[in-house]
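Work through these exercises with the model open beside you. Try each task before you read its solution.

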Amino acid sequence: IRITLERPAAAVAADSTFANDEVLPAEPVALSKTQLKELLARDAVVVIDARSAAEFASGHISGAINIPFDHLGEHIDNVDALPADKWLVSYCEGPPCDKGQQLAFVLADMGFDKVAYYDAGLDDWTTTEDVAQ
């Protein structure tokens with residue numbers, strides 16, 4: 001038996017998923033850096049960093065808010081204040097980290113309809129984009 005921390009990247013949703021708010025996915029979907037940048041350009045997204053406060057402070061996607069998945073209960077007021085009319089996109093470092101994906105599914109379970117996760121995460125973002133600190 002081979003045990004590994006690696007996991008395959010999630011399949012990215014079609015671009016049309018984010019262009020048509022009339023037909024929303026039944027569960028959170030993965031999106032690409034290009035799709036996230038498009039949502040950011042349209043001001044149609046709240047980006048949520050699911051990492052710890054210390055990790056967030058060391059660098060994050062510009063404009064992101066921090067709701068640490070491991071301390072979600074302590075941030076429930078922040079979750080309750082999230083807008084229902086924008087896409088909620090969570091992320092962490094990227095594989096093997098899956099806190100962004102887990103947070104997305106919790107948000108969907110809490111009743112949010114427009115939920116996605118940037119599975120490639122901050123590791124991918126920093127290959128071409130700057131981070132805020």
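The exercises below go from confidence to the sheet, its helices, the core and the disulfide.

**Exercise 1. Confidence**

Task: This is a predicted model. Find where confidence is lowest and where it is highest in the protein.

Solution: 
- Start with the whole protein. Its mean pLDDT is 89, and 88% of its residues reach 70 or more.
- Next, go element by element. Helix 1 (residues 16–19) has the lowest confidence, with a mean of 72.
- Strand 2 has the highest, at 98.

**Exercise 2. Strand order**

Task: Work out the order of the five strands in the open sheet.

Solution: 
- Take strand 2 (residues 45–49) and strand 3. They run parallel and are joined by two bridges.
- Turn to strand 4. Five bridges pair strand 2 with strand 4, in the parallel sense. I48 stands opposite S90 of strand 4.
- Go on to strand 5. Three bridges link strand 4 and strand 5, again in the parallel sense. V89 has A116 of strand 5 as its bridge partner.
- The order is 1-5-4-2-3, with parallel pairing.
- Now check the edges. Strand 1 (29–30) and strand 3 (65–66) each have a single partner strand, so one side of each lacks a neighbour in the sheet.

**Exercise 3. Helices on the sheet**

Task: Which strands does helix 2 touch, and which does helix 5 lie across?

Solution: 
- Helix 2 (residues 33–41) packs on the sheet and touches strand 1, strand 2 and strand 4. Its direction makes about 125° with that of strand 2.
- Helix 5 (residues 99–109) lies across strand 2, strand 4 and strand 5. Relative to strand 5 (115–117), helix 5 runs at about 175°.

**Exercise 4. Strand 4**

Task: Decide whether the residues of strand 4 are buried or exposed.

Solution: 
- Sort the side chains by direction. W87, V89 and Y91 point one way, and L88 and S90 point the other way.
- Count the buried residues. Five of the five are buried, so strand 4 is largely enclosed by the rest of the structure.

**Exercise 5. The nonpolar core**

Task: Find the residues that touch the most other members of the largest nonpolar core.

Solution: 
- This core has 19 residues. F18, L31, L36, L39, I61, V89 and Y118 touch the most other members.
- Ask which elements give two or more residues. They are helix 2, strand 2, strand 4 and helix 6 (121–125). Strand 4 gives the most, with three residues.
- F69, L103, A104 and L107 are among them.
- Zoom in on L36, in helix 2. L36 is buried, with a relative accessible area of 0%.
- List contacts of L36, leaving out residues up to four places away in sequence. They include L31, V45, V47, V89 and W125.
- Follow one of these across the chain. V47 is 11 residues from L36 along the chain, and their C-alpha atoms are separated by 8.8 Å.

**Exercise 6. The disulfide**

Task: Which cysteines form a disulfide?

Solution: 
- The count comes to one disulfide. C92 and C97 form it, with sulfur atoms 2.5 Å apart.
- Check the handedness. The angle about the S-S bond is -130°, and the link of C92 and C97 is left-handed.
- Check burial. Both C92 and C97 are buried.

Note on methods:
Residues are numbered from 1 along each chain as its sequence is written. This is a predicted model: local features need pLDDT of at least 70, side-chain atom pairs count only at pLDDT 80 or more; totals for chains, interfaces and linings use all residues. Side-chain values use heavy atoms; hydrogens and water are left out. Two strands pair if DSSP finds at least two bridges between them. Helices (H or I, at least four residues) and strands (E, at least two) are DSSP runs, numbered from the N terminus. Contact means heavy atoms within 4.5 Å. Axes are lines fitted to C-alpha atoms, for helices over the stretch in contact, and angles run from 0 to 180 degrees between N-to-C directions. A disulfide is a pair of cysteine sulfur atoms within 2.5 Å. Buried means under 20% relative accessible area, exposed over 50%, partly exposed in between (1.4 Å probe, protein chains only). pLDDT is the predictor's confidence in each residue, from 0 to 100. A nonpolar core is a set of buried Ala, Val, Leu, Ile, Met, Phe, Trp, Tyr and Cys residues joined through side-chain atoms within 4.5 Å.
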